[in-house]
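Colleague: I have a new model to look at, and I would like to go through it with you. Could you show it to me?

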Amino acid sequence: MKVPFYTPYIGQEEIDEVTSAIQSNWLTKGQRTKKFEESFAVYVGSKHALGLNSCTAGLHLAQKVLGIGEGDQVITTPYTFAATVNTILHCGAEPVLVDIDPLTMNIDPREIEKAITPKTKAIIPVHFAGFPCEMDRIMDIARCHNVKVIEDAAHAVYTKYHDRLVGSIGDITCFSFYATKNLCTGEGGMITSDDEELMNELQVLSLHGMSKNAWNRYSDKGTWFYEIESPGYKYNMTDIQASLGIVQLGKLEEMQTLRKKVADQYQTFYSKVEQLQVPHDDPKHRHAWHLYPIRLKGDTLKIGRDEFIEKLKEAGIGTSVHFIPIPIHPFYKKLGYKITDYHHTLKAYEGVISLPLFPGLTEKQTEYVIQQVLNLVDQYKK
Ligand SMILES: *Cc1c(COP(=O)(O)O)cnc(C)c1O
């Protein structure tokens, strides 16, 4: 049997909506993007939303509008994708990495507190795999030290922290609609915030720094006149992306139910296995199950993580590793980051395997993955 690591959950509805977007002759940002932004803001419970071409663009712009630049520090986790840290560097600021909580694999608020200095301007928590960071503590630390919180919510489009959806908590939240994410537009992203002034600046910065009234260009009221207020970027969403997003948002609940069904089955079987550490969950919150990162307990098995992945591959099962920690990549090593400074991150990385988890995974495929993983553990347990 073949089980891919991931396939997108796209149906005729998306194809029809994209087709009608193309047939409308409006290919760039327009009414569909506006509709997607409005529906998304209502969905997460934030006052404003701005569609962008990626989450990376969102993280970059968020730091730009907060005035983050040379001499500033931004605290984040080493257990993330390169984009989180690269955008700090793009602003000319210094990424300050602090270790994770080994249980949740999310940034540890105690470590954040220790790392705050007068140069700290922002904290970027990442809701790893779709499980929320400890937002109350993080917001408290931020308020206490007068720094901003920008959430990297690339995994967290459905995540709830207590009864609040991610997107309505931090100062600015950045979502990803990349092909593999829970809600996908191929490439795409969204920023949400309650701060109208910041959102106006973000909007201007996301399209060349063009004055806001020039945005009427994207309607019948448009004229030829515009003014550039700052050297902005070209980060806007397009209506083709938004047409996918509108349909995907409409079926998010259905897609999440399917994800949860797979995750529940994995949890049920794997939590009984001594050699495996299952992802942390907590009924107080809502896991978005973007990923299912299982951890091999190294000292209980005669097989390493890399070899385990090879065996699964031989059995036709696609997997991935989230994440290769930032300090392990040659570029960040050159900047002076050392993985030995992040004990819990290194330990998690050494045992972690992301198993297939997507809405279209069949019951037979799920059972096959469970069977193969259990067989391997049985075969190689000490
Ligand atoms: C996918 C991802 C991003 C980048 O999202 P893009 O939309 O591809 O820019 C950022 N952070 C994390 C944690 C991610 O997984």
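Colleague: Thanks! Before we go on, how was this model made ready for analysis?

Modeller: This is a predicted model, in which local features need pLDDT of at least 70, side-chain atom pairs count only at pLDDT 80 or more, and totals for chains, interfaces and linings use all residues. Residues are numbered from 1 along each chain as its sequence is written, and side-chain values use heavy atoms, with hydrogens and water left out.

Colleague: Where does Asn 146 sit, and what is its phi?

Modeller: Asn 146 is placed in the loop between α6 (135-145) and β5 (148-152); helices here are DSSP runs of H or I with at least four residues, strands are runs of E with at least two, and both are numbered from the N terminus. Asn 146 is a residue other than glycine, yet its phi is positive, near 55 degrees.

Colleague: And what is phi for His 208?

Modeller: His 208 lies in the loop between α7 (196-206) and α8 (239-250). It is partly exposed, with a relative accessible area of 33%. Although His 208 is not a glycine, its phi is positive, at about 65 degrees.

Colleague: Which peptide bond is cis, with omega near -10 degrees?

Modeller: Look at the loop between α10 and α11 (330-335), where Phe 323 is found. The cis bond is the one from His 322 to Phe 323.

Colleague: How does the lining of the largest cavity divide by class?

Modeller: Its lining includes Phe 128, Phe 131, His 280 and Arg 295. Ala, Val, Leu, Ile, Met, Phe, Trp, Tyr, Cys and Pro count as nonpolar, Asp, Glu, Lys and Arg as charged, and the others, Gly among them, as polar. That gives seven nonpolar, three polar and one charged.

Colleague: Which elements do the buried residues of α12 pack against?

Modeller: Helix α12 covers residues 343-351, and its buried residues are Thr 345, Ala 348, Tyr 349 and Gly 351. With contact meaning heavy atoms within 4.5 Å, their partners are β11 (292-296), α10 (305-314) and β12 (352-355).

Colleague: Finally, what is the radius of gyration of the protein chain?

Modeller: The radius is taken over C-alpha atoms, and the globule rule is 2.2 Å times the number of residues to the power 0.38. For 382 residues, a compact globule would have a value near 21 Å. The protein chain agrees with that, at 21 Å.

Key: 1 Å grid on protein atoms, 1.4 Å probe; cavity = no way out; pocket = protein on both sides within 12 Å on 5 of 7 lines; lining within 4 Å. Buried < 20%, exposed > 50% of the residue type's maximum accessible area, 1.4 Å probe, protein only.
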